[in-house]
Every structure is written in structure tokens, then in C-alpha cells.
Amino acid sequence: MDSPDSDGLLAEQLLRLTRRLHRIQSRQLEPIGITPAQFRLLRTVAHYDGPPRMADLAQRLDVVPRAVTSLVDALEASGRVRRAPDPDSRRVVRIELTDEGRVTLRSLRDARRAAAEEILAPLTADQRDVLGGLLSALVAGMPERRC
């Protein structure tokens with residue numbers, strides 16, 4: 001039978017693993033010249049069928065619009081995204097990935113896979129399958145967030 005102490009230990013292990021994954025990913029993103037938050041924004045822009053509005057990105061990322069503006073500013077300065085006018089409204093700005101942004105996104109996905117491989121290296125293929133199923137069950141039980 002599970003005790004509150006074992007649940008607390010499990011939560012702590014998940015937090016430690018998350019921090020470790022974040023550190024590994026940050027280390028791999030550094031040579032690319034991008035932060036984890038910028039990576040998250042690039043991934044989010046890429047998930048839309050067309051260029052999203054800044055407000056759409058803020059809502060999807062669950063951040064204040066000013067945070068999106070700062071991320072877009074940095075990504076635009078590096079040539080990875082561009083602001084584009086909305087064809088239907090002069091007041092709306094849409095965010096588009098540039099060719100450089102798409103190349104960066106591919107590199108970032110490779111870095112993310114390498115970080116996951118480093119974390120998962122001690123596990124067998126069967127253990128990875130079990131872990132994947134458990135994580136899927138946990139994610140499915142969470143309130144919906146699209147990040």
C-alpha cells in the first residue's frame with residue numbers, strides 16, 4: 001500500500017528528474033544560442049497551421065502578452081521569426097517562422113532527443129515503454145494545457 005511518504009518521495013524524484021532534464025537541455029541549447037523559453041515559443045508557433053497572433057501565443061503558453069513580446073523580440077533579432085501584418089486587421093500582428101527558425105527548430109528537436117536519450121540511457125526498451133505508458137496516463141489525467 002502506498003503511503004503519503006512514498007507519494008512525496010515520488011514527487012521529489014519527478015522534480016529532480018525534470019530539473020536534470022532541463023539542465024541537460026539548456027546545456028545542449030546553449031551552442032545554438034537559444035533559451036528553453038524561446039524553444040518553447042518556436043515549437044508553439046510551428047504547431048499552428050498559419051501564423052498565430054501574439055495573443056494566441058500568450059494564451060497557448062499560459063503567459064502574459066509582455067512575455068511573448070520579449071521572446072518574439074529576441075527571436076526576431078536572431079532572424080528566427082518575423083512579425084507579419086494580419087491581412088484582415090491592421091491592429092493584429094502575426095508571428096511567422098523564418099527559414100532560419102525552421103532550421104533552428106530541427107536542431108533544437110535533435111538537442112531535445114539527445115537530452116532525453118541521456119536521461120533514459122539507464123533504461124531498457126521495455127522499461128522505456130512502461131515509463132511512456134505511465135507518463136501518458138499522468139498527462140491524460142491533467143487538466144488540458146496546450147504547451
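At what angle do the axes of helix α3 and helix α4 cross? This is a predicted model, in which local features need pLDDT of at least 70 and side-chain atom pairs count only at pLDDT 80 or more, while totals for chains, interfaces and linings use all residues. Residues are numbered from 1 along each chain as its sequence is written, and side-chain values use heavy atoms, without hydrogens and water.

The protein has six helices and two strands, in the order α-α-α-α-β-β-α-α along the sequence. Helices (H or I, at least four residues) and strands (E, at least two) are DSSP runs, numbered from the N terminus.

The axes of α3 (residues 54-61) and α4 (residues 65-77) cross at roughly 110° and come within 9 Å; axes are lines fitted to C-alpha atoms, for helices over the stretch in contact, with angles from 0 to 180 degrees between N-to-C directions. The angle makes α3 roughly perpendicular to α4 (65 to 115 degrees). Met54, Leu57, Ala58 and Leu61 of α3 make the contact with Pro65, Val68, Thr69 and Val72 of α4, where contact means heavy atoms within 4.5 Å.

Leu41, Leu42, Val68, Val72, Val81 and Ile95 have the most contacts inside the largest nonpolar core, which has 20 residues. Such a core is a set of buried Ala, Val, Leu, Ile, Met, Phe, Trp, Tyr and Cys residues joined through side-chain atoms within 4.5 Å, buried being under 20% relative accessible area (1.4 Å probe, protein chains only). At least two residues of this core come from each of α2 (36-47), α3, α4, β2 (93-97) and α5 (99-120). Among the residues that Ile95 touches, not counting those up to four places away in sequence, are Met54, Leu57 and Val72.

Definitions and conventions
Angles under 35 degrees count as roughly parallel, over 145 as roughly antiparallel, 65 to 115 as roughly perpendicular and the rest as oblique. Buried means under 20% relative accessible area, exposed over 50%, partly exposed in between (1.4 Å probe, protein chains only).
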